[in-house]
Amino acid sequence: MSMWKYADPGRRPRSARPAEEPLSPEDFREAMSHLAGALTVVTTQDALGKRWGFTATSALSVSQSPPLVLVGVGNTSSCLQAMLESESFIVNVLSEQQREVAESFARKGVDRFAGHDFVPWPADGPPRLLGAHAAYRCRTAGSVQVGDHQLLIGEVTGFSARSEAGPLLWHRRDFVALSGKEAVCG
Ligand SMILES: Cc1cc2nc3c(=O)[nH]c(=O)nc-3n(C[C@H](O)[C@H](O)[C@H](O)COP(=O)(O)O)c2cc1C
């Protein structure tokens, strides 16, 4: 099935084959739990300087020239407005010691930044997580509404990496450290 059915119904290609039923949300969640993904925390700050961020496994590379990445942001996410209105955002790729950061930034109704070390990047920019495996600074280039998410597109303008810290992955609804060591807290 073409995803354009959900983005722009007028452009759906015609098919002679009988339509297949899509998976239910429960079956889809189970199916997608097999797709291992890098755990990231996507951050920005709004016009008043308030910091926003959420845990995401949807960050991926979409274009080399121009250098573009995308992040799927849920339509009901508390961060959606700040993300869409931002001039820039950062995709912080978590290291295997940062399981607690992933947990904090997926929690509702708490100060997600409390107890974690961030620095503005650049000096007046969005918050970058210290000790992360990598970080991509992105100029907000646009967004596309698809299904129950907005695909936030960013042009990558900066990159930082810490090679000695392996990345933290998410697979089968659990944390996995790429090094094979247990993903430790703290
Ligand atoms: C492993 C994992 C991956 C997630 N990936 C995304 C994602 O890609 N996009 C997204 O909008 N939310 C994602 N979430 C949910 C958010 O981190 C957060 O829990 C959600 O935005 C609800 O909080 P809020 O509405 O208060 O922001 C993910 C959560 C977890 C635990």
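Student: What should I know before I look at residues?
Tutor: Numbering starts from 1 along each chain as its sequence is written. This is a predicted model, in which local features need pLDDT of at least 70, side-chain atom pairs count only at pLDDT 80 or more, and totals for chains, interfaces and linings use all residues.

Student: What is the mean pLDDT of the protein chain?
Tutor: The mean is 91, and 89% of the residues reach 70 or more. pLDDT is the predictor's confidence in each residue, from 0 to 100.

Student: Where does pLDDT stay under 50?
Tutor: Over residues 182-186, for which the model has 12 contacts beyond four places in sequence. Two residues are in contact if their C-beta atoms, placed from the backbone, lie within 7 Å.

Student: How many helices and strands are there?
Tutor: The protein chain has four helices and 12 strands. Both are DSSP runs numbered from the N terminus: helices are H or I with at least four residues, strands are E with at least two.

Student: Which residues touch the most other members of the largest nonpolar core?
Tutor: Val42, Val71, Val91, Leu94 and Ala135, out of 28 residues in that core. Its largest share, four residues, comes from strand E6. A nonpolar core is a set of buried Ala, Val, Leu, Ile, Met, Phe, Trp, Tyr and Cys residues joined through C-beta atoms within 7 Å.

Student: What counts as buried?
Tutor: A residue is buried if 20 or more other C-beta atoms lie within 10 Å of its own, exposed if 12 or fewer, and partly exposed in between, with C-beta atoms placed from the backbone. Of the 186 residues of the protein chain, 25% count as buried.

Student: What is valine 91 in contact with?
Tutor: Leaving aside neighbours within four places in sequence, its contacts include Val42, Val71 and Ala135.

Student: What does Val42 pair with in E3?
Tutor: The bridge partner of valine 42 there is phenylalanine 54. E2 and E3 run antiparallel, joined by six bridges. Their hairpin has five residues between the strands, and glycine 49 in it takes a positive phi near 90°.

Student: Switching topic: what is the strand order in the open sheet?
Tutor: E1-E11-E12, three strands with antiparallel pairing. Two strands pair if DSSP finds at least two bridges between them. Tryptophan 170 of E11 is the bridge partner of glycine 37, and in E12 its partner is phenylalanine 175.

Student: Which face of E11 is covered?
Tutor: The one with Leu168 and Trp170, while Leu169 and His171 make up the uncovered face.
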